[in-house]
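Me: I am new to this structure and would like to learn how to read it. Please take me through it one feature at a time.

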Amino acid sequence: MKSDMIKTRLKTSLLAVALCSVLAGCATSGNPKDPIEGFNRAMYGFNDMIDSAVIKPVAQGYEAALPTPVRTGVTNFFGNLADFFIGINNLLQGKPGQAASDIGRVLVNSTIGLLGVLDVASEMGMEKHEEDFGQTFGRWGVGDGAYVVLPFFGPRTARDTVGLVLDVKADPVANIDDISTRNTLLALRVVDTRADLLPADKVIEEAALDKYAYIRDGYLQRRRNLIHDGNPPRERMD
Amino acid sequence: MKRLLGLLAVLFFTAGVGATETAPDLLVKNVTTEVLDIVRKDKDIQNGNTQKTLDLVESRVLPHFNFQRMTKLALGRDGRQATPEQLNALVEEFRTLLVRTYSKALTEYRDQQIIFKPFKMVADETDVKVRTEIRQSGGKAVPLDYYLEKNATGWKVYDMEVGGVSLVTNYRSSFSQEIRAGGVDGLIRSLQTKNKSSATSATKSK
């Protein structure tokens, strides 16, 4: 079967990545936040290959084929599904006010917003938040841990990897019983998310001396900012 | 009554800053509004005409940036190893890189709305943060913050943060890695190579 062939191929590639990383293991640059840089760079290369071969072209086609309002509707639909657990995470982080607003968003958008396709709640002043279990652990004082690039999921820290396991367990889309519906929605979400990132792609391409390091450092700064809800203590800069 | 008090406060505030120079929040607002107005009307820029966008950034945005400070900020502690000549070369190359990046971002601009957040400062402050926000349909608003410092010629931007990611300090670890591998000259060479390859790919795509 074709899918078996793809699976075998993936396994071979992943094995190759693992081997490369063992060989390149000694070639790390000594960045304390990135102790397994050799492995990470290999995995980054693997993800990048999958992205340019499949995900990015599909996302480009998706962007070209569908008008902006439709794509916005898709983004809103998945955003609405995510809002419930964003609320739970806000509650776990001791922010009941924001949690209530998130749940309010779900109620408003699921009904007046036609199953989440329209983000009416934002227009009513209920701001969309971005929370996940990794941020909740960060808020509780758990440190970043090592930077790690996961296959398919991309950049994480050790803490955010544990968070990711819970995020996936809590993900309403991943919990749909009907397998074909589930897979279709998961694929649609990946493509839609990727399409939203296409403009950022070009800017990073222009900006980065070393794309791997640029994405790593950007990810770490971004997570730090998110954990502090946009107001991290300013680091001594020079 | 409240409005009158507000007006008085504004008058008092502007008088305190001095009549000759623009307040930092106003500066950010004016430049952003002016540049985006041009981008919105210019089909060439929207279609990715690199030279035209670079010219726009050179003439309208650059005068308000302090690239010397930005370069030092990106270098961090490693900056101390650089001779004045090396530092000049670094400022030159880093400036080209940042201008190219900024221009690229402008060509990706579509219909996003920029919100200017309320701004407060103490009269004699010389280092401030001006907060703005990019709003787009179907996404969470992205904060875009400017850090400005006052010097002899007025307020200058020395850092920008997009969603909490500093466009300047995000280079720090790459820069220090380049310096460890090939010295300050190695970093200068890498930046030159990067800028040259960007310039050739831009002419090719036209």
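Reply: Begin with the elements: helices (H or I, at least four residues) and strands (E, at least two) are DSSP runs, numbered from the N terminus. By that rule B:Arg135 lies in strand E2 of chain B, residues 127-135. This is a predicted model, in which local features need pLDDT of at least 70, side-chain atom pairs count only at pLDDT 80 or more, and totals for chains, interfaces and linings use all residues. Residues are numbered from 1 along each chain as its sequence is written, while chains are lettered from A and ligands numbered from 1 in the order in which they are written.

Me: Which residues is B:Arg135 in contact with, leaving aside its neighbours within four places in sequence?
Reply: Two residues are in contact if their C-beta atoms, placed from the backbone, lie within 7 Å. For B:Arg135, the partners beyond four places in sequence are B:Gln112, B:Gln113, B:Ile115 and B:Ala141. B:Gln86 makes another reference point: 49 residues separate it from B:Arg135 in sequence, and 40 Å in space, C-alpha to C-alpha.

Me: Why does B:Arg135 count as partly exposed?
Reply: A residue is buried if 20 or more other C-beta atoms, placed from the backbone, lie within 10 Å of its own, exposed if 12 or fewer, and partly exposed in between. B:Arg135 has 13 C-beta neighbours inside 10 Å, so it counts as partly exposed.

Me: What are the elements of chain A, from the N terminus on?
Reply: Their order is α-α-α-α-α-α-β-β-α-α-α-α, which comes to ten helices and two strands. Of the 238 residues in chain A, 31% are buried. Among contacts in this chain between residues at least 6 apart in sequence, 56% join residues at least 24 apart.

Me: How many residues of chain B are in contact with chain A?
Reply: On the side of chain B there are 25, and they are in contact with 27 residues of chain A. Two or more residues each come from helix H5 (67-75), helix H6 (84-107), strand E5 (165-166) and helix H7 (172-205) of chain B. H7(B) gives the largest share, six residues. For classes, Ala, Val, Leu, Ile, Met, Phe, Trp, Tyr, Cys and Pro count as nonpolar, Asp, Glu, Lys and Arg as charged, and the others, Gly among them, as polar. The side of chain B that touches chain A then has four nonpolar, 15 polar and six charged residues.

Me: How do I read two packed helices?
Reply: Two packed helices are described by the angle between their axes and the distance between the axes. Axes are lines fitted to C-alpha atoms, for helices over the stretch in contact, and angles run from 0 to 180 degrees between N-to-C directions. Angles under 35 degrees count as roughly parallel, over 145 as roughly antiparallel, 65 to 115 as roughly perpendicular and the rest as oblique.
Reply: Take H5(B) and H6(B), whose axes are 9 Å apart at an angle of about 95 degrees. These two helices are therefore roughly perpendicular to each other. H5(B) brings B:Phe67, B:Gln68, B:Met70, B:Thr71 and B:Ala74 to the contact, and H6(B) brings B:Leu90, B:Val91, B:Phe94, B:Arg95 and B:Leu98. By class, seven of these residues are nonpolar, two polar and one charged.

Me: At what angle do helix H9 of chain A and H6(B) cross?
Reply: The axes of H9(A), residues 198-207, and H6(B) cross at roughly 170 degrees and come within 8 Å. H9(A) and H6(B) are therefore roughly antiparallel. A:Lys202, A:Val203, A:Glu206 and A:Ala207 meet B:Arg100, B:Thr101, B:Lys104 and B:Ala105 there.

Me: How many residues does the largest nonpolar core have?
Reply: In soluble globular proteins, nonpolar side chains tend to be buried together. A nonpolar core is a set of buried Ala, Val, Leu, Ile, Met, Phe, Trp, Tyr and Cys residues joined through C-beta atoms within 7 Å. The largest one here has 31 residues, and those with the most contacts inside it are B:Met70, B:Ala74, B:Phe94, B:Leu148 and B:Leu187. H6(B) gives the largest share of this core, seven residues.
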